[in-house]
Amino acid sequence: MQTELSGLPTRPMQDRSADPRVYFAAERTLLAWVRTGIAIMAFGFVVARFAQAGTVQAPDLSPYLGGALAALGAIAIGTGAVQYRRFCQRLPLAVRPSSRAQGLPLMLAWALVALGALLGVALLR
């Protein structure tokens with residue numbers, strides 16, 4: 001066994017390309033994008049509705065700001081879904097999960113993108 005300059009024994013590097021934790025990390029990253037997008041959309045809803053209830057003096061701007069935040073949240077979720085799909089396609093076949101495993105998180109993400117777009121349109125009315 002070789003030793004480094006520090007005197008500690010070194011081991012050969014393990015091949016991390018077949019580590020399933022890589023895929024799970026990508027899935028957690030997608031879910032973080034989804035969580036962030038939902039929070040931004042919810043904040044947009046709150047901005048639009050509380051201002052319309054009369055708690056803010058400038059209600060003319062609030063529906064547009066709320067709609068923009070809802071759209072921004074939908075864009076964040078869509079961006080995370082695209083990055084997740086691209087990353088999963090680049091994984092080695094040994095680590096790549098079945099297409100069914102990728103389908104549910106992507107279906108959830110794209111459904112939330114559609115709902116965020118609808119929320120943005122509804123807040124503008």
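**Exercise 1. Compare the span of helix α3 with the expected span.**

Solution. Helix α3 has 25 residues and reaches 36 Å from its first C-alpha to its last, close to the 36 Å expected at 1.5 Å a residue. The expected span is 1.5 Å times one less than the number of residues. Helices here are DSSP runs of H or I with at least four residues, strands are runs of E with at least two, and both are numbered from the N terminus.

A word on the source: this is a predicted model, in which local features need pLDDT of at least 70, side-chain atom pairs count only at pLDDT 80 or more, and totals for chains, interfaces and linings use all residues. Residues are numbered from 1 along each chain as its sequence is written, and side-chain values use heavy atoms, with hydrogens and water left out.

**Exercise 2. Describe the overall layout of the protein chain.**

Solution. Start with the elements: the protein chain has three helices and zero strands. Along the sequence the pattern reads α-α-α. Next, take burial. Buried means under 20% relative accessible area, exposed means over 50%, and partly exposed lies in between (1.4 Å probe, protein chains only). Of the 125 residues, 30% count as buried. Then take contacts, meaning heavy atoms within 4.5 Å. Among contacts with a separation of 6 or more, 71% come from residues 24 or more positions apart.

**Exercise 3. Classify the ring pair of Tyr23 and Tyr84.**

Solution. A pair of aromatic rings is described by the distance of the centres and the angle of the planes. The rule takes rings of Phe, Tyr and Trp (its six-membered ring) with centres within 6.5 Å; planes under 30 degrees apart are stacked, over 60 edge-to-face, and the rest tilted. The count comes to two aromatic pairs. For Tyr23 and Tyr84, the ring centres are 6.2 Å apart and the planes stand at 45 degrees, so this pair is tilted. The pair links distant parts of the chain: Tyr23 sits in helix α1 and Tyr84 in helix α2, 61 residues apart. Both Tyr23 and Tyr84 are buried. Ring pairs join Tyr23, Phe24 and Tyr84 into a cluster.

**Exercise 4. Is Gly66 buried or exposed, and what does Gly66 contact?**

Solution. Locate Gly66 first: helix α2 holds it. Its relative accessibility is 0%, so Gly66 counts as buried. Setting aside neighbours within four places in sequence, Gly66 is in contact with Gly44, Val47, Ala48 and Leu123. Gly66 and Val121 are 55 residues apart in sequence, yet 9.9 Å apart in space, C-alpha to C-alpha.
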